[in-house]
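Hi,

Here is the structure I promised to pass on to you. Have a look at it first, and my notes on what turned up follow below.

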Amino acid sequence: MTAMLSVQQLTKTYTTGFPSRKPTFTLGADFTIEEPAIVGLMGPNGSGKTTLFELITGSNAPTGGRVLVQGRDIHRIRTDERDRLAIHYHQSYQVRHFRSLTPNFMLEKAGSDYPIVHLFDEPQFNTQDGYIGFMLDFFRKLRAQGRLVFLCVHPNERFHLEILQEICERFIFVQSGSVTPMPDYASLVALPPVQAYLGDLLTERAA
């Protein structure tokens, strides 16, 4: 069976300086998600979460490795059709535009009419008027339709953790460019770096 998402030895290195360029940040990721799921993703600001989403959707070019969405290399797909495979929603639900040095006539068609992977990047959860319930139902609907959903949250309120625990089946923790997949919530919060990241927020929730 073809995996829904396969991130294979993916790296992205940012550099600075001229003429000798020095690396300032490197992201590395290698994981596979076989079936439809809702995946929680968290990590400190600047850890590489948005860069990972950009690489998965093909709006950012990797330094090495590749991303396969149902077996299709996202970076070989026409830029105007990549969101038919993987779509990145920013905080205000804006969708990132794509750029590529390779003209579209030299790239492949997506072969899909509706996104397979949906990546929600720190959506604004309004605690009033049932908005959170509406959003969680929307994530569940996508998953029931056979889609893969990523929910990236930077928890600063206890209810953010409760949302992740309720809706997500598996997790990814990103810190300093290192991407760590975890099979469930208990395993995630058992990680010492996650405990250090969440700090009192995790302790207060468990009290």
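A quick definition before the notes: a residue is called buried under 20% relative accessible area, exposed over 50%, and partly exposed in between. Please also keep in mind that this is a predicted model.

With that in hand, R140 is partly exposed, because its relative accessible area is 35%. Its salt-bridge partner is E166, with the closest N and O atoms 2.9 Å apart. R140 sits in helix 2 (residues 131-144) and E166 in helix 3, so this pair ties together parts that are 26 residues apart in sequence. E166 itself is exposed, at 51% relative accessible area.

Helix 3 (residues 158-167) also has a buried side: H160, L161, I163, L164 and I167 are buried there. Viewed down the helix axis, these buried residues fall within an arc of 155°, so they line one face of helix 3.

Now to the charged pairs. Searching the whole structure gives nine salt bridges, and R78, D80, E81, R84 and K109 are joined in a network of them.

R84 counts as partly exposed, at 33%, and K109 is exposed, with a relative accessible area of 55%.

Finally, how many disulfides does a search of the whole structure find? The count is zero. Take C152: the closest cysteine sulfur to its own is that of C168, 10 Å away, which is too far for a bond. The cut-off behind that reasoning is 2.5 Å between the two sulfur atoms. Both cysteines are buried, C152 at 0% relative accessibility and C168 with a relative accessible area of 9%.

Technical notes:
Residues are numbered from 1 along each chain as its sequence is written. This is a predicted model: local features need pLDDT of at least 70, side-chain atom pairs count only at pLDDT 80 or more; totals for chains, interfaces and linings use all residues. Side-chain values use heavy atoms; hydrogens and water are left out. Buried means under 20% relative accessible area, exposed over 50%, partly exposed in between (1.4 Å probe, protein chains only). Helices (H or I, at least four residues) and strands (E, at least two) are DSSP runs, numbered from the N terminus. The arc is that of the directions from the helix axis to the C-beta atoms. A salt bridge is a side-chain nitrogen of Lys or Arg within 4 Å of a carboxyl oxygen of Asp or Glu.
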